[in-house]
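Here is a short briefing on one protein model and its ligand.

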Amino acid sequence: MIAIDDVTVAFETVTAIADIDLQIQPSEFVTIVGPSGCGKTTLLRVIGGLESPTAGTVTIDGNEPAVSRDAGDLGFVFQDHTLLPWKTALENVQFLRRMAGKPPDEAQARSLLESVGLDEFVDAYPRELSGGMKQRVAIVRALHLDADVLLLDEPFGALDELTRDQLGVELRRLHEREQKTTLFITHSVPEAAFLGDRCAVVTDAPGRIETTLEIDFSDQRDTELFGSVEYQKQVADIRRKLYDSVEDGR
Ligand SMILES: Nc1ncnc2c1ncn2[C@@H]1O[C@H](COP(=O)(O)OP(=O)(O)OP(=O)(O)O)[C@@H](O)[C@H]1O
């Protein structure tokens, strides 16, 4: 479980997040949505052990985040894919796992790449891949690390709408199979609604959690869902909370 207790992060001139409380259960997929600059990335960085809280605590299965990170228990996916340009897709996927001191497993790396439709691009270099393909490799790389927790920061932010939708469907399918505890940051309300088991709405800066909404689409997370009334209602609910949070912050 990820336990975030009363966490504040203050930089020299700005308080990025204040008094954040959030518990994320094993295998849960939580989306975090909020206005630009409200501290979403800071929150993810604290959970990932890349930033220390000024006050409060974060633990991951009872450990400090930096301990989990160093043990290879956290998989990161950022907007910028951060693939190594001189390594192929397969080599990139395997490299991180090797760096974390885990035994290589080429068959699993290949199989994961195939499961996101990259069968023909296993030996391609990042420059030969589209933006969506590179993000698929970055997600597969985090999964192959076999981390317990996936931390994704706007991973589809630079992609066109259609690719974004496709990757959302794929990510959710991978989640059903792999059951990783997942935290996904986004500006996009429809994306937050589609992906999450729960959505945390963060207020305008300094970021506080305005509310968390349960999302129950059971196993129907495919493109059919986009047209459904229940999905539209969920999007509207989150959007309303987001507007409330911005107004409350003024
Ligand atoms: N290392 C840092 N030093 C000083 N200020 C910082 C640092 N990192 C973030 N901030 C500030 O903290 C606030 C929150 O930034 P953060 O990047 O976490 O927000 P965000 O919600 O992820 O933004 P966006 O959605 O635009 O990516 C901003 O005012 C930002 O300028």
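In the largest nonpolar core, which has 66 residues, Ile47, Leu113, Ala142, Leu151 and Leu183 touch the most other members. The model is predicted. Helix H5, residues 131-144, gives this core its largest share, 7 residues.

**Core**
- Ile47 touches Ile2, Ile4, Val58, Pro65, Leu151 and Leu183, leaving aside residues up to four places away in sequence.
- Among these partners of Ile47 are Leu151 and Leu183, which are also listed with Ile47 as residues touching the most other core members.

**Domains**
- Contacts join 12 residues of domain 1 to 10 residues of domain 2.
- On the side of domain 1 that touches domain 2, helix H2 (65-70) and strand E6 (149-153) each supply at least two residues.
- E6 gives that side its largest share, 5 residues.
- By class, that side of domain 1 has 6 nonpolar, 3 polar and 3 charged residues.

**Ligand shell**
- Around the ligand there are 13 residues, of which Phe11, Ala16, Ser36, Thr41 and Thr42 come nearest.
- Helix H1 (residues 40-47) provides the largest share of the shell, 3 residues.
- The shell comprises 5 nonpolar, 7 polar and 1 charged residues.

How values were computed: Residues numbered from 1 in each chain as written. Predicted model: local features only at pLDDT ≥ 70, side-chain atom pairs only at ≥ 80, totals over all residues. Near = placed C-beta within 6 Å. Helix = DSSP H or I, 4+ residues; strand = E, 2+ residues; numbered from the N terminus. Nonpolar A, V, L, I, M, F, W, Y, C, P; charged D, E, K, R; others polar. Contact = placed C-beta atoms within 7 Å. Core = buried A, V, L, I, M, F, W, Y, C linked by C-beta atoms within 7 Å. Buried ≥ 20, exposed ≤ 12 C-beta atoms within 10 Å, placed from the backbone.
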